[in-house]
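Here's a quick tour for anyone meeting this structure for the first time. Have a look at it, then read on.

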Amino acid sequence: MPKRLAAPDMPEPDVLVIGGSLAALCAAIAARRAGASVRLAELAPRSLRGGNARHGRNFRIMHPAPTPFSPGRYDGDEYLAELHRAAEGRNDPALSRELVVRSADIVSWLAAQGVGFQRADDGLLPVSRRTSFFLGGGKAMVNALYHTAERLGVAIGYDSGATELRITDGALRQVMLHTPAGTRMLRPRTTIVCCGGAQADLAGLRPFWGEAADAFIIRGVPYADGAVLRGLIAQGVATAGVPGACHLVAVDARSPPVDGGIVTRVLGIPAGIVVDRDARRFHDEGGDVGPTRYAVWGRKVAEQPGRIAWLILDAEGERQVPPLLFPPLRAATIPDLAALAGLDAAALAGTVAGFNAALRGEGDAGHTVGLAPAKTRHARPLLIPPFAAIPIRPGITFTCFGVKVDARARVLMTDDTPIPNLFAAGMIMAPNILGTGYLAGAAMAISAVFGRLAGDEAARHVRA
């Protein structure tokens, strides 16, 4: 049994967990179950706790046989190969294998912590051979883990974040922690950083993206500001990934500036055409139809003048689009639709007419001939009113730059020496495995697997 905490607001814990999302919760629970006293510092208020995991819905797991939550089989070699492709070969092989192997039992471990999972045969969600879905989504998962952490005696502080981590003589010696009661200096025996990347720091992205960064919509919480990451790098911690790289998704331009989550994605791009602010097409709408299509279009829109684009549909195309967060703009004619969208009517009409005239084939094989850029698949004419338009901007999910870790989740210095009492889990170390790439459900898996691993390793260090 875990030992009882000395006090609810213990000043010097065995393990300090910085962050409050999935990785942090798994780390805190694992360390507490291993007998360590644990304090978790969540920068968000209680009402917004849980980081980007609040908006998650599934995570990628290896399973050699069907499970109640994942049909078919998804073996380790296939998982590793897909990670390697997504990271374009820039992933750490040992850490990637650690993720894949440990993902095999993470569903059962999370279930033991109170997390519910959606059965694969209930017909309520898309069938996924590679991933398991949380019952009730990310917020239900986060709430279940907080309930378990509290029940086990983890001391949880909201509106609390680390302002400085001091590394001296190869070890972490002090943490300056901002709390509602003021700034406090702690000397935890071990610390686990699970505070995400720097996707909420748009000013920090401007040197890499220029004015485009000002147009980014932050899909998750506004608390992932990268302060802890920058402070560690300044003290000689090794890095993984590429500065300024990030995962962008095409989102509805009317979305809230922060915390809109997965429902802000613009779906159905293959069902129509996408134009820029000058009403011109700029990319093949049928070229990317897999899960990576969201990231492809997020980056493409970020490259356009004004960082704005419009998905144009006719009535038949709109019927192919899943329900949206906001209704499209609709009009009986293309010129009227252009007026609603603030586009040049003649230019949009010309683009639509040219697209319709270039069509060949039908159904999935429909394509254009003599048009630049071509639409290679799913091309059909835009003829049936009412016509619809959906505004698109780039939405940032996470950044692809973090700290380098070893197979025990210990943070490494630039000479690859591990800091024995400093661990990392979640998006602050995910670039070790994902590089600058994206693989659906992998980020959540990294958070859960390495959060649990870091918690176990931190508790082991305390006992040593």
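Helices α2 and α3 cross in a right-handed way (the near helix is turned clockwise from the far one by less than a right angle). This is a predicted model, where local features need pLDDT of at least 70, side-chain atom pairs count only at pLDDT 80 or more, and totals for chains, interfaces and linings use all residues. Residues are numbered from 1 along each chain as its sequence is written, and side-chain values use heavy atoms, leaving out hydrogens and water.

The two helices pack at about 140 degrees, with axes 10 Å apart.

| Helix | Span | Contact residues |
|---|---|---|
| α2 | residues 76-86 | Gly76, Tyr79, Leu80, Leu83 |
| α3 | residues 93-103 | Ser96, Arg97, Leu99, Val100, Ser103 |

Next up is α7, residues 227-234, where Val228, Leu229 and Leu232 are buried (under 20% relative accessible area, 1.4 Å probe, protein chains only). Looking down the axis of α7, its buried residues fall within an arc of 100 degrees, so they line one face of the helix. Their cover includes β1 (15-18), β9 (190-193) and β19 (418-424). After α7 comes Gly236, with a positive phi near 95 degrees.

Methods:
Buried < 20%, exposed > 50% of the residue type's maximum accessible area, 1.4 Å probe, protein only. Helix = DSSP H or I, 4+ residues; strand = E, 2+ residues; numbered from the N terminus. Arc of directions from axis to C-beta. Contact = heavy atoms within 4.5 Å. Axes fitted to C-alpha atoms, helices over the stretch in contact; angles between N-to-C directions.
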